[in-house]
Amino acid sequence: METRSLFSGMHPLTKLILLVGLIILSLFLVLVLGTLAAFPFWGDQILAFASGEGLAPVPDNLNVLRYFQVISHLGLFVVPSLVFALVISHRPGQYLTLNRRPRFRSMLMAVLIMLAALPLVSLLMHWNQEIDFPQLLRPLEDWMRQAEAAAEEMTEFFVLTGSWHDLLFNLFMIAILPAIGEELLFRGIIQKLFTQWTRNHHTAIVIAALLFSAMHMQFLSFLPRFALGLILGYLFVWSGKIWVPILAHFFNNAAALVVYFLFHRGLISYDLDDISLDLAGTLLTLVSALVLAGLFYLFKKTEEKHS
């Protein structure tokens, strides 16, 4: 039985407001403290970053950009999630279900589900990027495409700059850290709060997935990220363990990172972003959807049997 704290009886909306406040405060404090800690090492670059000028994605700025990427993620996702759990419950590990160890079969099926979803997610990415806005909203579309291009440029800079040894750090920065931080926040807290509020876990999963996708501020990849959020949400609900969506999230990011790295070095010929819309591609997507549905059904039934 979860030990209740002074704040545990608050309405879910009040808890959400508290969470937003903690996120803003955490991000501010972590960035300020992180900037001060980094100043002795990258003085001029820190001043450029702090002044709002930003840092160009060039090799000389690689380490400092990586540093700020890591501390930004800590301040935005990891720290506020842990602090919120500490405030809400005397047993934060239990509140976040971090203390519940998943079974090996659950983890394996979660990975297989993410694999089965790849063609379907790629198709959603293609559809999303092909959306043509009406003339009235053309400035909004231009802004979205510019933001998407800037995000892709930064991702390519992190992934393609450096050696095989740097790939290990990129796995930590792009796969491990986001998998832990984002799942703690969106599935471990936000989805749980909306479940308490709406009394419907399906509604909560959809809302958490929408917020998960929107928070990335990459609207030309909104649909595939929303679909990913739905998958992760159901994995969490059916397993009751946060480690299951964390592993699935990690696998999704790590697979994309490694394939992207190998493809752009000419070591493999398969590009995850290249979805074929011919008959073969359509059949692959249909098979993907059927396999995904079957795996979802098996996962749900298996978890219900062992709950």
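Colleague: Why is Phe 28 called exposed?

Modeller: Its relative accessible area is 53%, and exposed means over 50%, buried under 20% and partly exposed in between, with a 1.4 Å probe and protein chains only. So Phe 28 counts as exposed. Mind that this is a predicted model, where local features need pLDDT of at least 70, side-chain atom pairs count only at pLDDT 80 or more, and totals for chains, interfaces and linings use all residues. Residues are numbered from 1 along each chain as its sequence is written, and side-chain values use heavy atoms, leaving out hydrogens and water.

Colleague: What makes the pair of Phe 41 and Trp 42 tilted?

Modeller: Rings of Phe, Tyr and Trp (its six-membered ring) pair if their centres lie within 6.5 Å; planes under 30 degrees apart are stacked, over 60 edge-to-face, the rest tilted. Here the centres are 6.3 Å apart and the planes at 55°, so the pair is tilted.

Colleague: And why does Trp 42 count as partly exposed?

Modeller: Its relative accessibility is 24%, so it falls in the range between buried and exposed. Phe 41, at 64%, is exposed.

Colleague: How do you know that Phe 77 and Phe 186 are a tilted pair?

Modeller: Their ring centres are 6.2 Å apart and their planes at 50°, so tilted is the word. The two residues are 109 apart in the chain.

Colleague: Why do we call Phe 77 and Phe 186 buried?

Modeller: Phe 77 has 7% relative accessibility and Phe 186 has 1%. Buried means under 20%, so Phe 77 counts as buried, and so does Phe 186.

Conventions. Helix = DSSP H or I, 4+ residues; strand = E, 2+ residues; numbered from the N terminus.
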